[in-house]
Amino acid sequence: MAATPIDLRSDTVTKPSPEMRRAMAEAEVGDDVFMEDPTVNRLQARAAEIFGREAALFVPSGSMGNLVCLIAHTRPGQEVICDENAHIYSYEMAAMAGVAGLLPRLVPGEDGILTWEQISRAIRPRMYARAQTALVCLENTHNMAGGTVYPTRLAQEICERAHEAGLLVHLDGSRIFNAATFLHEHVRGMTGKFDSVQFCLSKGLGAPVGSMIVGSGALIERCRSIRKLLGGGMRQAGVLAAAGLIALEKGPQRLGIDHENATLLAHELARMPGIRLNPAKVQTNIVIYDVRETGLSSAEFLAESARRGVLGVPVDRDKIRMVTHLDVSRADVERVAAAICELAESLSLSRASAPMKNA
Ligand SMILES: *Cc1c(COP(=O)(O)O)cnc(C)c1O
C-alpha cells in the first residue's frame, strides 16, 4: 500500500503552490465590502479582461457563484432548464429551489450536452396557469457526464435561440479552461454570448479558494448585492485573490497534462476485467467507469482501492469518478492503474473460481 494515497477524488484537492503561498503572505489588502481590496480588484479586472467582459466578481465558491447568477436572472416561481445531471441540480443543496425559489425543468442531455431542439421543447408555453421559463443553464465541461465539452458553435446557437425566445443563459463553467484546452480555443470566444459565466479558480487552476462570475457591469453590480445577501461579502479577501491571480495566469497552460493523464488512465482501465468505460469519450480531466461486472458496488470497489492507496468518489451504485489534477503526475497515474488492475484481476479470479466452490 502506498504511504500517501493518490487522491483522484477531485481536482479541488490541490494544495496552493509555494509561489501562491508567498503571494498570499505578501498580498496588498483592503476591505472588499468597501471595494477597497486592491488585489481582489486586480483579480476581477483581469478575469473580466480575459473573458472580454465589462466586469467580474470574486465569490467564495462555485456553488455561490451559480446561485448568485440564478437569483440575478430570475424571480421566484420561474423555471430553469438544465441537464438532468447538472451540478446546479444535484450537488448544490437544491439551493435553486430552496433559496432562489426556482423550479428545475430537466432535460436528458447526451453525455450532458443539450441541443436547442431539446431545450425548445422544455420551454413552458405562455399560459396564465403555467410557471414561466426564465433561464437556461449549461455546464461546460460537464462534471457528472465525465468532463464532456460543448462544441462552441452549439453553445452559441443555444444562446442565440434562447435570447430570441426571451430567455437568459447562464454558464456553469467551473472547468471552462479544461474545455478551452480540449478545443484549442479561447474562453472569450467560447463564452461571449452567455449572459453570465461562473468559473472556478479552486479546481484544476490550483487556487485554494474561490470562483469568479463574469458579465456586464450592470449584472455584476446586481450580483455584488446578492453575494452580500447570501453572506458572501468578504473583507481582506486579497490574501485569497493573490492565489487566484496566479491560478488564472498560470493554471490554464498546464491543463493539457491533466488531460493526457486522464486519457492514459482511461485506456488502462478499459483493458481491465469487469471495468467498463469508453476511453474515446474522455476529453478532459474526468474519468468515469462502471464496476458492476466486478461484482462489487462502487462504494465497495472504492474501499478496496483505498486499501491500495488510490482514492476516487462514487457517482452512483455502479460508477466511479476519478479526476486528474496538478498534484498527480504521470507516474502516479501509472501506479493508480497498476493498483486498480491488481484489484480487478483478483476480483475476476475469485468470480471464475466461485462455481468450483459450489460444485
Ligand atoms: C465544482 C463545481 C461547482 C462548484 O463547486 P464549489 O465546490 O461550490 O466550488 C459547480 N459546478 C460544477 C460543474 C462543478 O464541478
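**Around the ligand**

Guide: A polar side-chain atom of Ser 63 lies 2.6 Å from an oxygen atom of the ligand, where a polar contact is a pair of N or O atoms within 3.5 Å (within protein, one must be able to donate a hydrogen and the other to accept it, and residues adjacent in sequence count only if both atoms are side-chain atoms). The model is a predicted one, in which local features need pLDDT of at least 70 and side-chain atom pairs count only at pLDDT 80 or more, while totals for chains, interfaces and linings use all residues. Residues are numbered from 1 along each chain as its sequence is written, and side-chain values use heavy atoms, with hydrogens and water left out.

Asn 143 also reaches the ligand, with a polar side-chain atom 2.9 Å from one of its oxygen atoms, and an N or O atom in the side chain of Arg 175 is likewise 2.9 Å from a ligand oxygen. Taken alone, the ligand exposes 380 Å², and the protein buries 85% of that, the accessible areas coming from the Shrake-Rupley method with a 1.4 Å probe.

The residues surrounding the ligand, among them His 87, Glu 92, Asp 172 and Lys 203, are counted as near if one of their heavy atoms lies within 4 Å of it. This shell divides into no nonpolar, seven polar and five charged residues, where Ala, Val, Leu, Ile, Met, Phe, Trp, Tyr, Cys and Pro count as nonpolar, Asp, Glu, Lys and Arg as charged, and the others, Gly among them, as polar. Helix H3, residues 62-73, gives the most to the shell, with three residues; helices (H or I, at least four residues) and strands (E, at least two) are DSSP runs, numbered from the N terminus.

Asn 143 and Glu 139 both belong to the surroundings of the ligand, and a cis peptide bond, with omega of about 0 degrees, joins Asn 140 and Thr 141. Thr 141 itself lies in the loop between strand S5 (133-139) and helix H7 (152-164). One further backbone feature is Met 35, which has a positive phi of about 60 degrees although it is not a glycine, and which is found in the loop between helix H1 (18-26) and H2.
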